[in-house]
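Subject: Structure for your review

Dear colleague,

Please find the structure below, together with its sequence. My notes on what was found in it follow.

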Amino acid sequence: MKIVVEPVFESTFHDTSYGFRKGRSTRQAVDRIARSVEQGRHFILEADIEGYFDAIDHQRLLALVEEHVHDRHVVALVRDLLDSGSMELGSLDETEVGVPQGGVISPLLSNIYLNRFDHDWAASGIGDLIRYADDFVVVCSTLEEADEARRQVATLMEDLGLTLHPGKTRVVDLHEGIDFLGFRLWVGADGTLRRSPSHKNVARVKEKLGSLMDDGDACASGQTIARVNRVLRGWSSYFADCDSAEAFEEIDLFVIDRLGEPLPGKVIRLAHLNRSVATPGVGASDSELDDIEENDPEWANFDWREAA
């Protein structure tokens with residue numbers, strides 16, 4: 001079903017949307033923020049839709065699907081998926097809202113639901129919208145424009161039966177910095193956007209590494225060291241062009257604490273790696289970086305948004 005529906009809608013999606021789309025990534029979304037900063041924008045509306053996947057209205061979504069998909073059998077399959085409900089404590093809970101998370105087609109359906117918002121926002125001419133699924137920002141030139149963006153976003157969300165999360169939606173001067181899609185973003189003294197791994201992202205990769213290193217026997221396992229290295233290589237490549245020295249050192253110390261020093265075998269030292277990947281022309285290419293989270297089995301279950 002996804003194979004049939006996705007190409008139909010891909011041509012209709014706005015270029016402000018970066019989540020769960022082929023050839024698009026978190027890094028590209030952040031690069032767009034950087035371009036907005038270069039244009040003199042540094043006030044930002046940081047927004048989050050409260051319980052987004054659980055709040056999607058079935059009838060609204062089906063109407064949007066039917067606008068572009070004219071095969072009644074495909075529409076019926078989407079309807080059956082939505083009507084299937086969810087299992088709560090062993091019993092089927094049938095609802096008229098919500099898209100089951102984890103399904104192959106669920107991210108596509110979530111983008112279809114917000115596609116009209118993307119286009120309506122572009123028509124408003126307010127700031128620069130960058131959206132990754134239900135996480136999005138609007139980069140603005142002035143504080144007043146950012147405040148107006150917050151009001152307009154709330155109105156458009158209400159039209160879709162959605163609500164902004166009050167604790168995660170705020171207007172910020174980017175000189176103060178925000179966490180977005182696994183990055184810590186801020187405007188540096190030179191007026192450009194700076195980025196580093198967010199604290200939550202570092203904590204998440206520590207958790208992943210820790211799950212691979214069993215106390216006492218991890219250093220004896222060549223297979224464990226290979227897995228640790230794969231995570232270290234993937235994570236460090238992803239953040240190779242960031243201000244990552246402090247985070248890399250923190251991860252090094254974590255690995256040393258777990259495996260002991262000197263490190264066994266050929267465990268990667270990120271502090272050493274950082275000096276090489278900072279050199280122009282060295283390190284992973286943009287396409288390789290974009291592929292890390294999609295194709296590397298060690299990253300298959302790593303949710304960058306969850307680590308944001």
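Is D128 buried or exposed? D128 has a relative accessibility of 11% in this predicted model, and it therefore counts as buried, the limit being under 20%.

D15 joins R32 and D128 in a network of salt bridges.

Helix α2 also carries R27, whose partner D241 lies in the loop between α9 (222–238) and α10 (245–259). These two residues are 214 apart and link distant parts of the chain. R27 is buried, with 4% relative accessibility, whereas D241 is partly exposed at 48%.

A further salt bridge joins E148 to R151, with 2.9 Å between the closest N and O atoms. Both residues belong to helix α7 (residues 143–159), and because they are 3 residues apart, about one helical turn separates them. E148 is partly exposed, its relative accessible area being 26%. The structure holds 15 salt bridges, including those described here.

Strand β5 (residues 135–140) has 6 of its 6 residues buried, so the rest of the structure largely encloses it. In a regular strand, side chains alternate between the two faces of the sheet. On one side of β5 are D135, V137 and V139, and on the other F136, V138 and C140; all of them are buried, so that both faces are covered.

Strand β1 (residues 43–48) runs antiparallel to β5 and is joined to it by 6 bridges. Within this pairing, F43 stands opposite C140. Strand β4 (residues 128–132) is likewise antiparallel to β5, with 5 bridges between them. Here Y132 has D135 as its bridge partner. The hairpin of β4 and β5 has 2 residues between the strands, and A133 takes a positive phi near 60 degrees in it.

**The sheet β7-β8-β9**

Three strands form an open sheet with antiparallel pairing, in the order β7-β8-β9. Its edge strands, β7 (178–180) and β9 (193–197), each pair on one side only. From one strand to the next, the twist averages 35 degrees. β7 and β8 (residues 183–187) are paired over 3 bridges, and I178 has L185 in β8 as its bridge partner. Helix α2 (residues 26–38) lies across β7, β8 and β9, and runs at about 150 degrees to β9.

**Two individual residues**

R21 is found in the loop between α1 (2–10) and α2. R21 is buried, with a relative accessible area of 7%. Its side chain makes a polar contact of 2.4 Å with that of E10. Apart from neighbours within four places in sequence, R21 is in contact with E10, F13, H14, D15 and N111.

A63 lies in helix α4 (residues 58–68) and is partly exposed, at 39% relative accessible area. V75 is 12 residues from A63 in sequence, and their C-alpha atoms are 9.7 Å apart in space.

Yours sincerely

Conventions:
Residues are numbered from 1 along each chain as its sequence is written. This is a predicted model: local features need pLDDT of at least 70, side-chain atom pairs count only at pLDDT 80 or more; totals for chains, interfaces and linings use all residues. Side-chain values use heavy atoms; hydrogens and water are left out. Two strands pair if DSSP finds at least two bridges between them. Helices (H or I, at least four residues) and strands (E, at least two) are DSSP runs, numbered from the N terminus. Axes are lines fitted to C-alpha atoms, for helices over the stretch in contact, and angles run from 0 to 180 degrees between N-to-C directions. Contact means heavy atoms within 4.5 Å. Buried means under 20% relative accessible area, exposed over 50%, partly exposed in between (1.4 Å probe, protein chains only). A polar contact is a pair of N or O atoms within 3.5 Å; within protein, one must be able to donate a hydrogen and the other to accept it, and residues adjacent in sequence count only if both atoms are side-chain atoms. A salt bridge is a side-chain nitrogen of Lys or Arg within 4 Å of a carboxyl oxygen of Asp or Glu.
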